Amino acid sequence: MSESVDRELVLWYRQPARRWVEALPIGNGRLGAMIFGGPEQERLQLNEDTLWSGYPHDYSNPEAREYLDEVRRLIFAGQYAEAEALADAHMMSVPSRLQAYQPLGDLWLDFPGHAEVADYTRSLDLQDAVARVEYSRGEATFRREVFASAVDQVIAVRLICDRPGQVAVRAGLTSPHRSEVVADGDAGLILRGQWIGDGQTRDLLAGAEGAGIRFEARLAAQVTGGRVRVEDGRLVVEGADAVTLLLVAATSYRDYQHIDGDPAAICEQQMGAARIKTYDALRAAHVADHRRYFGRVSLDLGHTEAEQLPTDERLEALAQGGTDPQLAALYFQFGRYLLLASSRPGTQPANLQGIWNEATVPPWGSKWTTNINTEMNYWPAETCNLAECHEALLRMLEERVAPGREVARKHYGCRGWTLHHNTDVWGATAPVDGAGWGVWPTGAAWLCQHFWEHYAFSGDLDYLARAYPIMKEAALFLLDYLVEETEHGWLVTCPSASPENRFQTPDGQNAGLCAGPTMDLSIIYDLFTHCVDASRLLGVDVELRVQWDAALGRLAPLQVGKHGQLQEWLHDWDEPEPGHRHVSHLFGLHPGNQITLHGTPEWARAARRSLERRLAYGGGHTGWSAAWIVNLWARLEEPEKAHAMLLQLLTKSTFPNLFDSHPPHHFQIDGNFGGTAGIAEMLLQSHAGELHLLPALPTAWPTGQVRGLRARGGFEVDIAWQDGRLREATIRSRIGGACRVRAACAVTVSQDGRPVRVELPDVNVVAFATEAGQSYRVTASE
């Protein structure tokens with residue numbers, strides 16, 4: 001490995017990428033590129049986060065409401081298949097599919113005569129967010145650097161050689177959409193295009209005919225020495241000492257109702273600003289901005305000789321039974337890198353593929369799937385000290401309130417707003433993809449957990465005051481939507497489903513649509529309790545608080561079934577696929593806090609039994625599912641099982657570039673983010689009102705340290721451990737207030753070397769008061 005990539009937080013390889021899932025991702029939240037690293041031909045596959053198929057559209061179905069009562073009657077009569085068929089025919093969105101995230105195109109760089117090279121390396125430096133390619137040809141060494149700057153909204157490519165006059169390249173732009181390439185002076189190209197639909201439905205992509213979003217990309221060359229010209233629609237550089245290529249891109253998308261923006265004006269402004277800066281200035285600003293966020297957290301899980309190998313060889317060695325704890329640390333930091341690269345304030349949130357997609361008909365539309373995947377994308381945002389990245393999701397949810405109100409009213413006759421299991425860039429909130437999956441109206445309620453979490457980690461009451469009205473409207477919808485089930489008089493959602501799973505009734509029905517699935521009950525518990533707490537903190541809505549409290553008391557309870565498992569449905573049904581990828585009924589364990597090991601041990605035992613049964617039948621077979629299970633085992637304080645599932649994630653659901661894989665062979669980013677969050681959850685938990693240090697530390701990580709994790713209550717935490725035992729922790733209190741700490745050993749607390757008075761409210765728990773801006777040292781007793 002060359003000296004240039006001899007760093008701990010680097011992905012590196014001895015060969016170019018042969019497939020898209022081997023290429024290396026860069027991004028600035030809005031622009032993304034996948035870098036293949038071919039010596040003779042480089043490909044940068046390009047994305048801009050607002051380029052989607054379709055155009056503004058109202059998905060609501062005006063006839064849905066008139067069938068709601070009959071669907072409910074059929075469900076309560078036990079006629080589930082009939083209810084599902086009726087809902088499928090009359091209650092779905094119009095159309096019943098959504099639109100898809102699109103590729104913008106490709107930047108191609110041809111290097112004549114570079115087919116045969118030596119000493120090749122390709123790398124991605126996570127600390128600087130810079131990708132590199134380096135090799136030798138004859139006596140000359142060639143090097144490329146590529147990064148996507150959030151500061152300057154530009155992708156920059158630097159081509160250099162240690163011998164003068166040796167850099168020659170032909171650069172071109174292409175797109176899979178209707179487009180043209182024209183010269184922009186003597187040293188630039190402009191790619192102009194537009195998405196045009198042919199009206200054909202493909203896979204999960206709704207047919208749409210006619211013109212949609214317009215887009216533009218501009219490429220400019222800055223040459224040191226040598227010559228540059230435009231020839232046959234390509235930039236041609238010859239005899240240069242160094243070349244900087246700058247790429248900007250934009251679309252006509254303004255919001256989910258308007259696509260009349262001016263991408264040319266945006267590109268002109270951004271290119272004009274970038275061109276007056278040197279490459280070194282662009283790079284320095286980019287690195288400083290990235291490190292400001294990325295550098296907040298460090299993780300050391302131990303080291304072995306394996307980390308001297310290229311990344312793909314490390315994955316292969318791990319799959320053969322090798323030991324490589326630092327690979328887990330690299331994976332953790334790669335997840336943080338991906339979140340920074342795909343979600344920044346002002347951008348679209350990370351979708352199923354973050355911002356990286358090469359297909360015009362991508363898997364699942366590369367949209368926002370909100371029955372686990374979108375939420376999982378943001379599990380690391382708060383715990384892993386990237387709260388600013390959360391803004392993109394939270395802002396999108398604010399934009400979904402208006403269309404969500406229309407669906408709540410037209411489909412269900414309810415107040416408030418709702419969102420089902422998918423949304424796209426056009427503000428979709430209605431049910432899609434079939435009633436058994438799509439008629440699941442608690443997506444908005446789950447997503448509202450992210451508003452509360454953003455407050456819980458920061459303690460920012462001004463933010464809570466802005467978020468609460470959105471949470472309140474989601475809760476108002478559910479107050480209206482809940483109905484009494486006929487046997488016990490419990491309040492339940494109806495119709496609904498346990499996401500993507502199906503049940504089998506004693507009379508042989510196989511269906512998905514039902515009343516009161518356990519996930520809904522736990523989501524409603526989560527939202528209503530947060531709304532009660534928020535209204536009390538803000539001093540508002542006393543009457544609504546009473547209604548939410550009353551509804552919580554009448555909700556159908558969590559139930560333990562015949563196998564000792566937490567029931568997934570209101571009835572103790574079996575399921576056709578007992579190893580299903582979703583573990584929706586365990587929401588109360590994670591990401592919720594309705595079930596805790598120390599607070600509700602009976603429910604925790606039932607949750608453990610459900611998890612054991614899922615895994616016994618082959619569950620956790622997708623990357624994101626394995627990642628969720630890492631988090632669940634961590635909450636159950638099962639370190640070896642959490643670690644085993646993390647190893648499964650790395651060895652069976654990870655591509656050579658560390659992207660998460662989803663069967664059969666496609667990329668889905670949620671597993672990366674879920675795995676990152678799971679590692680954090682193994683080291684620090686705060687969901688139960690206390691800071692639990694090292695709750696699920698596996699024997700594979702006997703000695704290590706983590707710095708900069710965040711906890712609810714406004715705390716930032718560093719932890720060091722040795723020989724599998726806590727050594728010390730530093731807790732920084734950002735807002736002051738009480739702090740409870742749980743550890744597996746007795747501890748002392750000090751501040752600036754002076755003992756802090758503590759209380760002992762429970763076994764292995766200490767409690768003490770903190771002041772804003774102060775740090776406290778927690779030390780394991782000898």
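Trainee: Where does A680 lie?

Mentor: This is a predicted model. In it, A680 sits in helix 18, which spans residues 670-683.

Trainee: Is A680 buried or exposed?

Mentor: The cut-off for buried is under 20% relative accessible area. A680 has 4%, so it is buried.

Trainee: Which residues is A680 in contact with, leaving aside its neighbours within four places in sequence?

Mentor: They are F332, T383, C384 and L709. Take T383 from that list. T383 and A680 are 297 residues apart along the chain, yet their C-alpha atoms are separated by 7.0 Å.

Trainee: What about N385 and its phi?

Mentor: Phi of N385 is near 65 degrees, a positive value in a residue other than glycine. N385 belongs to the loop between helix 8 (379-383) and helix 9 (390-412). With a relative accessible area of 6%, N385 is buried.

Trainee: Which other residue has a positive phi although it is not a glycine?

Mentor: N764 has one, at about 65 degrees. N764 lies in the loop between strand 34 and strand 35. At 39% relative accessible area, N764 is partly exposed.

Trainee: What do strand 34 and strand 35 form?

Mentor: They form a hairpin, with two residues between them. Strand 34 covers residues 759-762 and strand 35 covers residues 765-770. The two run antiparallel and are joined by two bridges.

Trainee: How do I read a sheet with more strands?

Mentor: Begin with the general idea. Strands of a sheet pair through backbone hydrogen bonds, either parallel or antiparallel.

Trainee: How many bridges join strand 3 to strand 4?

Mentor: Five. Strand 3 holds residues 31-35, strand 4 holds residues 41-48, and they run antiparallel. L31 stands opposite E48 in strand 4. Keep the general rule for side chains in mind as you trace a strand. In a regular strand the side chains alternate between the two faces of the sheet.

Trainee: How do I describe aromatic rings?

Mentor: A pair of aromatic rings is described by the distance of the centres and the angle of the planes. The count for this model is 28 aromatic pairs. One of them is F334 with Y337, which is stacked: 6.1 Å centre to centre, with 10 degrees between the planes.

Trainee: Where do F334 and Y337 lie?

Mentor: Both are in helix 6 (residues 325-342). They are three residues apart, about one turn of the helix. F334 counts as buried, at 0% relative accessibility. Y337 is buried too, with a relative accessible area of 2%. Ring pairs also link F334 and Y337 into a cluster with W20, W356, F659 and F667.

Trainee: Which peptide bonds are cis?

Mentor: The bond from C494 to P495 is cis, with omega near 0 degrees. P495 is in the loop between strand 21 (491-492) and strand 22 (503-504). A cis peptide bond also joins P663 and P664, where omega is about 5 degrees. P664 is in the loop between strand 24 (661-662) and strand 25 (666-667).

Trainee: Where is A81, and what is it in contact with?

Mentor: A81 is placed in helix 2 (residues 80-90). A81 is partly exposed, with a relative accessible area of 36%. Leaving aside neighbours within four places in sequence, A81 is in contact with Q509 and A511. A81 and C514 are 433 residues apart in sequence, and 9.6 Å apart in space, C-alpha to C-alpha.

Trainee: What of the whole chain?

Mentor: The protein chain has 18 helices and 36 strands. Of its 782 residues, 63% count as buried. A compact globule with 782 residues would have a radius of gyration near 28 Å; the protein chain has 27 Å, which agrees. Among contacts between residues at least 6 apart in sequence, 69% join residues at least 24 apart.

How values were computed: Residues are numbered from 1 along each chain as its sequence is written. This is a predicted model: local features need pLDDT of at least 70, side-chain atom pairs count only at pLDDT 80 or more; totals for chains, interfaces and linings use all residues. Side-chain values use heavy atoms; hydrogens and water are left out. Two strands pair if DSSP finds at least two bridges between them. Helices (H or I, at least four residues) and strands (E, at least two) are DSSP runs, numbered from the N terminus. The radius of gyration is taken over C-alpha atoms; the globule rule is 2.2 Å times the number of residues to the power 0.38. Buried means under 20% relative accessible area, exposed over 50%, partly exposed in between (1.4 Å probe, protein chains only). Contact means heavy atoms within 4.5 Å. Rings of Phe, Tyr and Trp (its six-membered ring) pair if their centres lie within 6.5 Å; planes under 30 degrees apart count as stacked, over 60 as edge-to-face and the rest as tilted.
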